[in-house]
Amino acid sequence: MNRRTTVVGAGFVGATTAQRIVDAELSDVVMIDILEGIPEGRGLDILESCPVSGSDAHIIGTNDYKDTAGSDAVIITAGLARKPGMSRDDLLIKNYNIVKEVTENVVKHSPNAFLIVISNPLDAMVQTAYKVSGFPKNRVMGMAGVLDSARMRSFIAEELDVSVENVSAFVLGGHGDTMVPLPRYSTVAGIPITELLAEDVIERIFDRTKKGGGEIVALLKTGSAYYAPSAAAVEMLEAIYKDKKKILPCAVYLEGEYGIQGLFVGVPVKLGAKGVEQIIEIHLSNEERAQLQKSAAAVQELVGVIGVG
Ligand SMILES: NC(=O)c1ccc[n+]([C@@H]2O[C@H](COP(=O)([O-])OP(=O)(O)OC[C@H]3O[C@@H](n4cnc5c(N)ncnc54)[C@H](O)[C@@H]3O)[C@@H](O)[C@H]2O)c1
């Protein structure tokens with residue numbers, strides 16, 4: 001392939017992301033982790049699937065950032081998931097240290113890469129990668145909105161028994177309880193869901209979407225979601241590599257848009273060959289604006305704790 005993507009973290013999200021990139025022949029892949037043997041072993045396993053899937057993409061696993069040199073994009077999935085007994089701040093600070101160290105290494109070897117951050121708490125981690133990298137804001141983005149809206153699309157499609165392809169869903173704000181789903185802009189074949197579903201059903205779908213990650217953690221007990229998160233990250237990567245100019249909800253650096261200053265928050269953007277090519281501003285009602293401000297305030301609180309505000 002004539003492109004190289006580095007995936008940092010060879011855990012559940014990292015390995016499935018790497019596999020999806022290779023399967024789609026989007027680029028060659030370098031998967032890096034601090035664990036010895038794991039990235040190499042999982043990389044080799046994916047490579048050996050290529051003759052069957054018919055992919056000529058190449059993949060290696062490594063512990064050495066030298067192997068990642070000159071990457072076109074770097075997807076950061078390194079980090080801990082929350083365990084019983086850990087506070088939110090414990091996770092925040094541990095993952096801040098990991099994402100900071102990872103970003104410093106990435107920048108040294110791939111100064112022109114796009115950064116797609118997945119590690120949680122998402123909005124604070126992408127803000128960390130932005131500040132530490134010193135990269136322009138069009139090259140740094142966080143994956144959350146594509147996943148959150150994919151979850152909502154699945155629930156709407158199930159409720160109405162229609163193809164998922166007909167369903168668009170619109171989610172703004174931070175990744176977490178404060179995300180802001182917008183019914184007016186969520187449609188089935190262009191028809192707003194407000195015309196197709198009762199208010200209480202829409203409320204139930206919103207609530208399930210907001211708690212979508214938690215629902216899976218509760219079922220798995222030992223980890224969090226990775227199939228849908230990796231699919232979402234790869235949709236963003238594909239939009240950039242293929243210059244698709246696709247409108248996707250991503251966590252991006254806002255400088256006054258939506259009345260938010262100097263903070264990464266999820267909003268619709270155009271993704272193409274230059275990365276974040278445009279931030280799309282839509283009209284919000286007073287209530288929606290207030291919800292978005294609340295969501296931004298939650299992100300602000302976290303970035304304040306780690307000093308990357
Ligand atoms: N943004 C989202 O929507 C979303 C969705 C799912 C998961 N996540 C987050 O993604 C992260 C990864 O989830 P997972 O399920 O793959 O976890 P995982 O534990 O399976 O994998 C994490 C990997 O990161 C590695 N790692 C830790 N420190 C590192 C470092 N300094 N350098 C390189 N690698 C390092 C670990 O060794 C491990 O292999 C978590 O923070 C999780 O909360 C975010």
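Now the ground rules. This is a predicted model, so local features need pLDDT of at least 70, side-chain atom pairs count only at pLDDT 80 or more, and totals for chains, interfaces and linings use all residues. Residues are numbered from 1 along each chain as its sequence is written, and side-chain values use heavy atoms, with hydrogens and water left out.

Let's start with the ligand. How many residues surround the ligand? The count is 25, and the closest are F12, V13, D33, I118 and M143. To count as near, a residue must have a heavy atom within 4 Å.

Next, polar contacts. These are pairs of N or O atoms within 3.5 Å; within protein, one must be able to donate a hydrogen and the other to accept it, and residues adjacent in sequence count only if both atoms are side-chain atoms. D33 uses a polar side-chain atom, 2.7 Å from a ligand oxygen. F12 uses a polar backbone atom, 2.9 Å from an oxygen of the ligand. I118 places a backbone N or O atom 3.0 Å from a ligand nitrogen. On its own, the ligand has 870 Å² of accessible area, and the protein covers 88% of that. Those areas come from the Shrake-Rupley method with a 1.4 Å probe.

Which elements give two or more residues to the shell? They are α1 (12–23) and α3 (88–109). α3 gives the most, with 4 residues. Helices here are DSSP runs of H or I, at least four residues, and strands are runs of E, at least two, numbered from the N terminus.

Now away from the ligand. E257 sits in the loop between β12 (246–255) and β13 (261–272). What does the side chain of E257 have 2.6 Å from one of its polar atoms? That is the backbone nitrogen of E255.

T77 is in the loop between β4 (73–76) and α3. T77 is buried too, because its relative accessible area is 14%. The T77 side chain reaches the backbone oxygen of G9 at 3.4 Å.

Last, G307. G307 lies in the segment after α9 (286–306). Buried or exposed? G307 is exposed (over 50%), because its relative accessible area is 63%.

Definitions and conventions:
Buried < 20%, exposed > 50% of the residue type's maximum accessible area, 1.4 Å probe, protein only.
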